[in-house]
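Here is a colleague's note for someone opening this structure for the first time. The points below go from the whole chain to its parts, and may be read alongside the model.

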Amino acid sequence: MRGNLDWKLFSEADHLVADPVRKAAAGLPAVEVAEIDPELADTAAFCEAYESPLENSANCVIVAGKRGGEVKYAAVMVLATMQADVNGVVRKEIDVRKVSFAPMADAVSLTGMEYGGITPVGLPPEWPILVDTAVLAAGEVVIGSGLRSSKLLVPASALLQLPGARELALARTTG
């Protein structure tokens with residue numbers, strides 16, 4: 001999972017992450033950060049270029065759903081090799097009638113992060129963070145940093161220390 005990146009302790013390189021991520025990541029144990037080429041931020045390109053296994057890369061997607069006219073947002077964390085059951089498990093968990101991926105403009109403006117770098121670290125505290133059980137089983141995972149120009153390496157179990165985070169079986173293997 002470390003690939004060929006130059007990982008640094010978060011405390012020594014926190015300037016490499018988005019502002020909302022900086023404060024939240026400082027409270028997590030054993031976080032590391034590495035600078036990357038922003039053109040290689042998308043998961044498949046990143047894993048290939050930096051020799052980082054897909055099974056240790058976790059993606060964060062922002063979903064939105066409505067109930068009674070109120071829009072609810074949530075973050076969904078799944079391994080890059082898996083696909084979240086958005087219309088089943090996720091929809092029920094956030095208690096909405098219909099759920100979909102949040103529009104890019106909304107995800108970017110509401111998180112203060114760059115599209116393609118969105119991470120669960122530093123999200124609005126009222127948003128649920130749904131972490132798939134396979135992410136937690138992966139040990140250390142590479143996740144976004146809020147910017148396309150860097151990645152975080154975190155112990156997967158640390159994700160459950162984030163406000164609103166909970167573990168769920170919410171994904172299936174792609175293929």
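**Notes on the predicted model**

1. Among the contacts in the protein with a separation of 6 or more, 67% are made by residues 24 or more positions apart. Please keep in mind while reading that this is a predicted model.

2. On the overall build, the secondary structure comes to six helices and eleven strands. The radius of gyration is 15 Å, close to the 16 Å that the globule rule gives for 175 residues, so the protein is as compact as a globular protein of that length. Its C-alpha atoms fill a box of roughly 45 × 35 × 30 Å along the principal axes, and buried residues make up 47% of the 175 residues.

3. Turning to the sheet, four strands form an open arrangement in the order β1-β2-β9-β8, with antiparallel pairing. Because β1 (8–9) and β8 stand at the edges with a single partner strand each, one side of each is left without a neighbour in the sheet.

4. Strand β9 deserves a paragraph of its own. How many bridges join it to strand β8 (residues 140–144)? There are five, and the two strands run antiparallel, with V141 having V154 in β9 as its bridge partner. Strand β2 (residues 32–35) also pairs with β9 in the antiparallel sense, over four bridges, and here A34 stands opposite K151. Five of the six residues of β9 (residues 150–155) are buried, so this strand is largely enclosed by the rest of the structure.

5. Helix α3 (residues 43–50) has T43, F46, C47 and Y50 as buried residues. Seen down the helix axis, the buried residues of α3 fall within an arc of 95 degrees, so they line one face of the helix. The face turned away from that buried side carries A44 and E48, which are exposed. What covers the buried residues of α3 includes β3 (58–67), β8 and β9.

6. Is T111 buried or exposed? Its relative accessible area is 4%, under the 20% limit used for buried residues, and T111 is therefore counted as buried. The side chain of T111 reaches the backbone nitrogen of M113 at 3.1 Å. Leaving aside neighbours within four places in sequence, T111 is in contact with P20, I118, L123 and W127.

How values were computed. Residues numbered from 1 in each chain as written. Predicted model: local features only at pLDDT ≥ 70, side-chain atom pairs only at ≥ 80, totals over all residues. Heavy atoms only, no water. Buried < 20%, exposed > 50% of the residue type's maximum accessible area, 1.4 Å probe, protein only. Polar contact = N/O pair within 3.5 Å; in protein donor to acceptor, adjacent residues only side chain to side chain. Contact = heavy atoms within 4.5 Å. Pairing = 2+ DSSP bridges. Arc of directions from axis to C-beta. Rg over C-alpha atoms; globule rule 2.2 N^0.38 Å.
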